[in-house]
Amino acid sequence: MAFFGLSTVFALCLVSFFSSISLPGHFIGELLCGLLGFPPELLPEHFSPRLASSSLHDRIHLLRDQTPTISPIRILLLSLFAGERITMAGAEAVGSADTTSFSAAVLAHLKQIYESSRQNDPKLDFGSIQGDESVLQTGKLGADNDNLASLASFLSYMASPVARAHRDAENSDLSSQIAHYYISSSHNTYLTGNQLYSEASAAAYTNVLLRGCRCLEIDVWDGSSRSSSISDSGPTSSSSSSQSDSGNRKQPPNLKGHSRMKSLSDGVRQIVKRAASTRSSKRPDRLRANLKGNAPIKTESTDPRAVREPRVLHGHTLTKEVSFRDVCYAIRDNAFVSSDLPVIVSLEVHADLDQQQMMVDIMREAWNDYLVEIDSREEANLPRLQDLRKKILIKVKWSPPTSTTAEEVAHAEEDIEEAESGVKDLDLAAGENPSSQKKEKKSKILHALSELAVYTRAYHFSHFAQKEAAMPTHVFSLSEAAVKDAHENNRQALLNHNREFLMRVYPSGIRLNSSNLNPIFFWQQGAQMVALNWQNCDKGMMINDAMFPNGVGWVMKPSIYRSISDNADSCNNALPDGTIQNLDLSIEIYAGQNIRKLTDNAASGNSFRPYIICQLHLCKAEDILTNAAELGKHSKAAPGDEKSSTKYKLRTKTSVGNDPDFQAEKIEFPHAEGILQDLSFIRFKIKDNEFGRRDSLVAWACIRLDRLKQGYRFVHLKDHLGQPSAGALLIRINKRVSDS
């Protein structure tokens, strides 16, 4: 027993005791985390769904790979605990479900459906009635596929993954070059909340990677010496900081109530003043010396306490920092857990040359086995996706070895990004002179850093005719406003560029609460990386989840956005048959179950009054075509006409309880003409009509229309934070599609 350690034995005893008295598993899990010495973020529910469903042997290996710092005996305990955390959502992912888990209302409707189907034709397989692909492809009926042979067989069928409302995302074709795919992307990945005063954490990278994100962002700033005071370095959440340092640091103000904004404004003012004093204290002769060479500055001090490493934070704000090293190792440990497809790391560099060299050393140390290595002097073409399995692609501004203009280009782009994020407004508020700022240019990008960008070299965007726009490996990063401007003024050039080359779109800087843009519009422009704030579960993130379900981070773009003819100006006039379609859709909503989590105090009882909003987000022909003649073939509406979206947003009556019965209420959408299903979505939002919590979001689901199945189906729900839940809706989908 002494070998295991007292804390481990004590933890095992407590888990056994609390399990025997039926305390919530989440409480037991957090207690176990505390005793075993690792954060609650590593609870099994935060891993991929296959964790809970795996064998004990597989769970041990999976946890060991994801948590290398935890001792083997603790891995064993967590693995044992993981096996008990199987919910309906987990059962869906692994191909089995407990038929006794249906609520009374759902079970009553299923029995009626079974009896009705038996009366129509008891010998016909229910899977063929549903139009399931597996039955239609095999053509097998009778004993092998007879789901109507008994009520138990029918319930088993309805509890299986086959009865899900959505098809799996197809990701079998990896043979195209990487610009032909949409990529699940994150903006300011390091933040855990809003853009102004939330914390930065390496765990945020773990979170998004395990959820399938394939494009991350890191904002890198100069590090502070470990012996520095809070006035120099600011608060840090880095795990590399010593306990003695953390004891001397001032705690961040507790922003509560009406004093929050006052404290916030005071903090911003202090940060701006400190930034101004830092800029004014730079030695011009030292800066000029840096620009002449391309080598980093040598650290003068040899005191180990003075060693500083780059930091990751949202500059000119109150956000807390995390060390660049911690972020890199979090990416290494989690990049290829949910998928082996490549991860793109977008670096926004605000560090000096010395710190940039340290960045190179850290990345090579952490990602050595995953980096792409080719001669940077060679002009490479974009590779096929299948050739980049388990590779990390670094996106950073390109700096040639002997370039004299690289600094000017890099600084010009920094000016644009800072202006759009409101940083210059803060400087003006502090009384700084804008003209004096322009004279003090930051160091250029170190060539040793920029040459790590093999297939993803970032260049400042001016127009689509600039010479860099023809380089195969270039990447343009545009704000959402810049893309909208290009859409209005140079739409064809925007579409043609994104058919063959990479583009990243990032949210406006005024989205301080981490709200999100609507990604559909930017996917319609062919942009591959539409970066979203994963900290916030809103419409944008719901639609993104539907585009990249179940951890699929790369999705093939529709052919219209990746096929280019010899005559680029006419490529928009040749649509493949069946691309643009007409849609008639109606949905009957029978009942729901486990709409709220069991840990919710209001999860049961008549006080919970749920209702459902069903909304269609349609990509119309007029949204994707630029030629009026071609548009007229697929839509009766004139180009530019706006249709009210309220016609495609319908709601049910209010029901009662955590297992509500909606009594097969039918929602019928108006006929929709000329749509592209690949970029159209249906969204289910379950809201609470309870007094005091009216219209608060409880659960949701979103499905891409071309993946929406017909027939009697279960829609599996996520909670208001975007995490998988045990909630589900029993519905009947009537979907009719015809060529436009």
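Trainee: Why is C213 called buried?
Mentor: Buried means under 20% relative accessible area, exposed means over 50%, and partly exposed lies in between, with a 1.4 Å probe and protein chains only. C213 has a relative accessible area of 0%, so it counts as buried.

Trainee: What should I keep in mind about the model itself?
Mentor: This is a predicted model, in which local features need pLDDT of at least 70 and side-chain atom pairs count only at pLDDT 80 or more, while totals for chains, interfaces and linings use all residues. Residues are numbered from 1 along each chain as its sequence is written, and side-chain values use heavy atoms, with hydrogens and water left out.

Trainee: Where is C213, and which residues does C213 touch?
Mentor: C213 is in the loop between α11 (203-210) and β2 (215-221); helices (H or I, at least four residues) and strands (E, at least two) are DSSP runs, numbered from the N terminus. Contact means heavy atoms within 4.5 Å, and, not counting residues up to four places away in sequence, C213 touches S184, S185, S186, V208 and W534.

Trainee: How many aromatic pairs does a search of the whole structure find?
Mentor: The search finds eleven. Rings of Phe, Tyr and Trp (its six-membered ring) pair if their centres lie within 6.5 Å, and planes under 30 degrees apart count as stacked, over 60 as edge-to-face and the rest as tilted.

Trainee: Why is the pair of Y114 and F154 called tilted?
Mentor: The ring centres of Y114 and F154 are 5.6 Å apart and their planes lie at 40°, so the pair is tilted. Y114 is in helix α7 (residues 104-120) and F154 in helix α10 (residues 151-158), 40 residues apart, and the pair links these distant parts of the chain.

Trainee: What makes W523 and F681 a tilted pair?
Mentor: Their ring centres are 6.2 Å apart and their planes are at 40°, so this pair is tilted. W523 is in helix α24 (residues 519-524) and F681 in strand β17 (residues 681-688), so the pair ties together parts that are 158 residues apart in sequence.

Trainee: Why is α17 described as largely enclosed?
Mentor: Eleven of its 15 residues are buried, so α17 is largely enclosed by the rest of the structure.
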